[in-house]
Amino acid sequence: MKRFTHSLRWALIKAAVAGTTMVALAFLIPLGLMVQQTARDRAFTAAERQAAALGPALAITTDQDAVNRALASTDAGGQGRMAVHLPVPAGESWASGGAGAAAGAGATRAPAGSGGPDGPTLGEGRAAAVDVATAGDQGRAFTVAVPGGYALLQPVAVDTGRTAVVEVFVAESDLTRGVATAWLVLSAVALGLVALSVLVADRMGGRIVASARRLAAAARSLGAGDLAVRVPVTGKQVDGSPEELREAANAFNAMADRVVQLLAAERELAADLSHRLRTPLTVLRLNAASLGDGDAADATRHAVAQLEREVDQIIRSARRAPEDAPAVAVGCDAAEVIRERVGFWSALAEDEGRRWQLAGAERAAPVPVQRGDLAAAVDALLGNVFRHTAVGTAFSVDVLATENAVIVLVGDAGPGYSDPAAALKRGEGHGGEGSTGLGLDIVRKLAESTGGDLALGRSAVLGGAETRLRLRTRPTEAPPARAGRRRTRGALFPK
């Protein structure tokens, strides 16, 4: 779940970054281009104002000294960026005389201070002579490219039939002045928007992730047996959570309530069913009391008393809520439990003429299961031998204690398992009347609760069925050794 929430939070951040970046680019790129075009237009507009500033002076006089003084009084003229091409004599064109003629047919620039006899150039001119002539003859302003920038050629009528051309130089740097700063500012704004969107997305994702983690933690607690756990659906800690997660929390709480109700109903049902056994048990106890003396009578009375205790324990356990159950020390001596249960079944074995053997139960073999659960598992294994084999069939019980596990082998000399896989399936046993098919499943669950297992096979000694119960005692395990089994306790087979 942690990986999922982390991915969900990161996905929200990436989506916010992608969306904000696209929006920022959609607005900032056109805005930057507009700033660049505005800077260019501003430079040429300034050049036009500089050229227009000489118009009144040229309209009054074309005297070179007066024009030079007017030229020097302007900003562009003072910086050497303006030139004035004085007009040619009346009746002549710029192409046939003046600045263009003096420079020659192949001229590309009108040098400063040169020109025709009546059309000198004042200031530093950069435009080609042919462009100056075109502006003078056509009487319209335009710009031409020159080394280092552009030149604005502005024709000015000085009197009837004569036109002067004012040239203003616009450097490349003027066209991009302030553009780099504008781009930096726009980029900073874009990064700020992206950072703000990441912050907002992270806060929103944090709330979603926190809600999802609370739901996951509650689910884990419920799975671990905490039936009182619930997910908060109101309050400050869930404010801002998506409506979908609130619905999931409500559904989880409803499910938890339903689980509590079902478990309570199941406990009551188990208690009621167990209580119904009291009447036949009372009759059985009275009948057992009238059997008189003898080993069989004592064994019967002992079995009836134990059955009554088990039924009482089931009723008390069923009536008790899980949270009220007392702490029970987990663990018992498997060898002691097996000796006790084999001793109990030995009386029935002698009545039915069954030979039996018990081996390996001399030493203590601690296992991490409750005594009653292990006793029930051993009874289930031995009960299967008596139920599924003919009277007089021999059986054996071996206990193997290894470093990491305790193994219990129950074998018999009967026909064996016809279908071991089906025998392990819960409720599918076919042992005749009285068989529920639950015995091996109960044993299997006990083994798996310790990390062990239950296996069915054929006995190498007796030739019939063999059931292997392996209870792990440590987290790591070593393969159990099955060779060299030693039988030292119990009644031996007669030779």
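The points below comment on a predicted model of a single chain, taking its overall make-up before particular elements.

1. Overall make-up. The chain has 495 residues, of which 36% count as buried, and its secondary structure comes to 15 helices and 13 strands. Among the contacts in the chain with a separation of 6 or more, 64% are accounted for by residues 24 or more positions apart.

2. Confidence. The average pLDDT of the chain is 77, and 80% of the residues score at least 70. Over residues 97–118 the pLDDT stays under 50, although the model has 47 contacts beyond four places in sequence for this stretch. Residues 432–436 also have a pLDDT below 50, and here the model shows five contacts beyond near neighbours in sequence.

3. Strand E1 and its partner. Strand E1 covers residues 82–85, with Met82 and Val84 pointing one way and Ala83 and His85 the other way, and all of these residues are buried. Such an arrangement can be set beside the general rule that in a regular strand the side chains alternate between the two faces of the sheet. E1 runs antiparallel to strand E6 (residues 162–171), to which four bridges join it, and methionine 82 stands opposite valine 168 in E6.

4. Helices H12 and H13. Helix H12 (residues 334–351) packs with helix H13 (residues 371–388) at an angle of about 35°, their axes being 10 Å apart, and the crossing in which H12 passes H13 is right-handed. On the H12 side the contact is made by Ala334, Glu336, Val337, Ile338, Glu340, Arg341, Val342, Trp345, Leu348 and Ala349, and on the H13 side by Arg371, Leu374, Ala375, Val378, Asp379, Leu382, Gly383 and Phe386. By residue class, this contact of H12 with H13 divides into twelve nonpolar, one polar and five charged residues.

5. Helices H13 and H15. The axes of H13 and helix H15 (residues 439–449) come within 9 Å and cross at roughly 140°, and this crossing of H13 and H15 is left-handed. H13 contributes Asp373, Leu374, Ala377, Ala380, Leu381 and Asn384 to the contact, while H15 contributes Gly439, Leu440, Val443 and Leu446. The residues of this contact of H13 with H15 divide into seven nonpolar, two polar and one charged.

6. H13 between the two contacts. Taking the two contacts together, Leu374 of H13 is among the residues that make the contact with H12, and Leu374 is also listed in the contact of H13 with H15.

Methods. Residues are numbered from 1 along each chain as its sequence is written. Side-chain values use heavy atoms; hydrogens and water are left out. Buried means under 20% relative accessible area, exposed over 50%, partly exposed in between (1.4 Å probe, protein chains only). Two strands pair if DSSP finds at least two bridges between them. Axes are lines fitted to C-alpha atoms, for helices over the stretch in contact, and angles run from 0 to 180 degrees between N-to-C directions. A crossing is left-handed if the near helix is turned anticlockwise from the far one by less than a right angle, and right-handed if clockwise. Contact means heavy atoms within 4.5 Å. Ala, Val, Leu, Ile, Met, Phe, Trp, Tyr, Cys and Pro count as nonpolar, Asp, Glu, Lys and Arg as charged, and the others, Gly among them, as polar. pLDDT is the predictor's confidence in each residue, from 0 to 100.
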